[in-house]
Each structure stands twice: as C-alpha cells, then as structure tokens.
Amino acid sequence: FFHVLAHGVEPAENWREVFATRRDELREFGRNAASELTSMLLPSDAVVLHDTQTAPLAACLGPWEDRLLWHAHIGTADRNPVVDAYWEVLASSVAQTQARVFYRPEYAPPNLLAGSLFVPPSIDPANSKNAPMSREAACALLATKDPTSPLSWVGSEPRFSPSLVVGLQLSRWDLLKDMPGAVRVFGAAAARHPRFAGVVVGPAAQSRAEQSELDAAVAVRARLGSSARSRVHLGVIGDSRTPAHDLAVRSPQSRADIVLQKSTQEGFGL
C-alpha cells in the first residue's frame with residue numbers, strides 16, 4: 001500500500017477510506033519489528049534500513065540514532081496528495097536517522113533535504129546476474145529442458161531461433177511495472193513482424209497483488225491472435241538469491257535484442 005503511495009500512485013479507488021487503518025498497521029509493524037531487531041543489536045552496531053517497509057523502525061531505534069541510516073531506492077519527483085499522504089506517515093520517523101539516501105533530490109520532501117545524500121543508481125558489474133554471456137550460450141541454456149531450472153514458462157515454451165528478433169521485459173510482477181502492458185506491446189509487434197518474439201519474465205509472485213498482475217499478463221496474452229501468441233511468452237523465475245536464479249536471469253537478458261522497461265512509474269529515476 002505505502003510502496004505504491006511512494007510513487008504518487010493511488011493503490012486503490014478507496015485508499016483514503018483505509019488510509020488510517022493502513023497507517024496504524026504500518027506503525028504497529030514497526031514497533032514489533034524494532035523490538036525483535038533490538039534484541040539482536042549490539043550498542044556499537046550501525047544500522048542500515050532499506051525502503052518503505054523499514055521506515056517506521058527508525059522511530060523505535062533511539063539508542064542507535066547516531067549510527068542509523070535509511071536508504072530508499074524508490075520515489076517520485078511528483079508532488080500530489082498521494083505523495084503527501086506517504087510522507088505524512090513516514091517523514092517524522094525517517095527524520096530521526098543520522099542520514100537518508102535517495103536516488104534523486106526530487107524524491108526527498110523539503111523537510112528531509114538537510115542531512116540527505118543523493119546517489120544515482122547503477123548496475124553492479126560484480127553481481128553474477130550481470131556477468132557477460134554470449135548469445136550462443138544464452139540460446140543453448142534457454143533451449144535446454146532442465147527440470148531443475150528455476151525458469152518455467154506459463155503456456156507455450158519459446159523457441160529462440162537465431163533469426164528471431166527478441167524483445168524482453170524482466171521485472172517484478174508489480175502494478176507499477178505494467179507487465180500486462182509489456183505483453184500488449186510485444187503482441188502488437190509480433191502481429192506486425194513475423195520475425196519478432198516477445199518475452200516477459202518475472203520472479204515468482206510473492207503476494208496476492210503480484211499474482212494478480214501475473215494473471216492479468218496471462219489474460220492479455222490469451223487475447224492475442226494465434227500467430228502473435230505463439231511468439232509472445234511469459235516466464236517465471238523461482239529460487240531467488242541462488243546461483244541458478246542468477247543464471248536464469250542472465251539467459252534471457254543475454255539473448256534479448258531489444259530491452260523494454262514499460263513502468264508507469266519507476267523509482268530508479270529512469
């Protein structure tokens with residue numbers, strides 16, 4: 001709920017009606033989580049809190065406030081009532097940290113600019129998901145029918161022949177990533193160009209909201225014409241944080257000729 005608010009987007013039509021309830025739930029979560037966390041911390045520890053879900057903990061970690069940092073990898077430059085509601089709940093807690101790290105100055109509300117740092121995002125070349133892989137090796141891996149692979153296909157499996165031009169969107173099944181929209185775009189391209197194939201891939205859904213987005217993408221694909229549908233594919237990658245998962249991410253990335261990021265709102269400042 002608050003993750004979506006942070007992007008300036010309404011999480012639901014009735015979001016104002018449930019706002020107070022969600023606010024109280026988030027604060028209760030913060031109190032409970034802080035109690036558990038403090039039982040593990042040493043007085044000399046530094047604490048780095050990451051993103052919206054951890055923000056309410058900051059208000060409950062007073063003994064560590066001089067060694068407390070909050071990092072947000074999301075945000076929006078928009079200023080509207082939705083964003084204002086987000087900071088109404090979180091700003092007072094986040095303000096109790098020694099420093100805040102945002103990707104862009106526009107993401108920080110005016111009252112948090114002092115004491116904030118701004119670090120543009122980048123790709124980590126040391127991450128195994130980003131290691132180089134040849135197109136040939138990627139094609140070979142994608143063609144292998146390995147029952148232990150964390151990459152599975154919803155519907156028909158793709159055939160990545162060398163003559164195909166392959167488009168890819170690889171994102172979480174997040175409302176803001178518009179994965180169903182990526183399927184529509186690839187379907188339109190496939191209908192026009194018989195040598196085009198589109199691939200939309202995400203990790204295993206972690207919530208009802210993510211499952212709903214995956215289901216919506218499946219429904220969009222089902223409505224495509226048969227020829228286009230045969231060249232538009234949906235993939236799901238399980239086993240997060242394992243070498244097999246990282247390899248399954250590298251394969252479609254390395255085979256893709258065109259990469260799409262069709263976010264309706266993107267916290268990375270793209």
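This is a predicted model: local features need pLDDT of at least 70, side-chain atom pairs count only at pLDDT 80 or more; totals for chains, interfaces and linings use all residues.
Biologist: What share of the contacts with a separation of 6 or more comes from residues 24 or more positions apart?

Modeller: That share is 69%.

Biologist: OK, salt bridges. How many does a search of the whole structure find?

Modeller: Eleven. As background, side chains of opposite charge can pair when their charged atoms come close.

Biologist: Let's take Asp178. Which residue does it meet in a salt bridge?

Modeller: Lys262, with 2.5 Å from N to O. Asp178 sits in the loop between β6 (165–170) and α5 (179–192), while Lys262 is in the segment after β9 (258–259), so the pair ties together parts that are 84 residues apart in sequence.

Biologist: Is Asp178 buried or exposed?

Modeller: Asp178 counts as buried, at 12% relative accessibility.

Biologist: What about Asp174, which residue does it pair with?

Modeller: Asp174 forms a salt bridge with Arg172, and their closest N and O atoms are 3.0 Å apart. Asp174 is buried, at 7% relative accessible area. Arg172 comes out as partly exposed, at 34%.

Biologist: One more pair. What is the N to O distance between Arg23 and Asp24?

Modeller: It's 3.2 Å in that salt bridge. Arg23 counts as partly exposed at 22% relative accessibility, and Asp24 counts as partly exposed at 41%.

Biologist: Switching to helix packing. At what angle do α4 and α8 pack?

Modeller: About 125°, with the axes 8 Å apart; α4 covers residues 135–143 and α8 covers residues 243–255. That makes α4 oblique to α8. The crossing of α4 past α8 is left-handed.

Biologist: Which residues of α4 and α8 meet there?

Modeller: On the α4 side you have Arg135, Ala138, Cys139, Leu141 and Leu142, and they meet Leu247, Ser251, Pro252, Ser254 and Arg255 in α8. By class, that contact has six nonpolar, two polar and two charged residues. Arg135 and Arg255 are also in the salt-bridge network with Asp257.

Biologist: And how do α5 and α6 pack, at what angle?

Modeller: At about 20°, again with the axes 8 Å apart, where α6 is residues 208–222. That makes α5 roughly parallel to α6. This time α5 passes α6 in a right-handed crossing.

Biologist: Which residues make that contact?

Modeller: Pro180, Val183 and Arg184 come from α5, and Glu213, Ala216, Ala217, Val220 and Arg221 come from α6. The contact of α5 with α6 holds five nonpolar, no polar and three charged residues.

Biologist: Now a single residue. Where is His233 found?

Modeller: In strand β8, residues 232–237. His233 counts as buried, at 4% relative accessibility.

Biologist: Which residues does His233 touch, leaving out those up to four places away in sequence?

Modeller: Trp153, Ser156, Glu157, Pro158, Gly198, Val199, Val200 and Arg221.

Biologist: Is Ser226 buried or exposed?

Modeller: Exposed, at 56% relative accessibility. Ser226 lies in helix α7, residues 226–229. From Ser226 to Arg135, C-alpha to C-alpha, there are 28 Å in space and 91 residues in sequence.

Biologist: Last one, Ala33. Which helix is Ala33 in?

Modeller: Helix α2, residues 15–38. Ala33 counts as buried at 18% relative accessibility, because the cut-off for buried is under 20%.

Biologist: How many residues apart in sequence are Ala33 and Thr54?

Modeller: They are 21 residues apart in sequence, and in space the C-alpha atoms of Ala33 and Thr54 are 8.6 Å apart.

Key. Residues are numbered from 1 along each chain as its sequence is written. Side-chain values use heavy atoms; hydrogens and water are left out. A salt bridge is a side-chain nitrogen of Lys or Arg within 4 Å of a carboxyl oxygen of Asp or Glu. Buried means under 20% relative accessible area, exposed over 50%, partly exposed in between (1.4 Å probe, protein chains only). Helices (H or I, at least four residues) and strands (E, at least two) are DSSP runs, numbered from the N terminus. Axes are lines fitted to C-alpha atoms, for helices over the stretch in contact, and angles run from 0 to 180 degrees between N-to-C directions. Angles under 35 degrees count as roughly parallel, over 145 as roughly antiparallel, 65 to 115 as roughly perpendicular and the rest as oblique. A crossing is left-handed if the near helix is turned anticlockwise from the far one by less than a right angle, and right-handed if clockwise. Contact means heavy atoms within 4.5 Å. Ala, Val, Leu, Ile, Met, Phe, Trp, Tyr, Cys and Pro count as nonpolar, Asp, Glu, Lys and Arg as charged, and the others, Gly among them, as polar.
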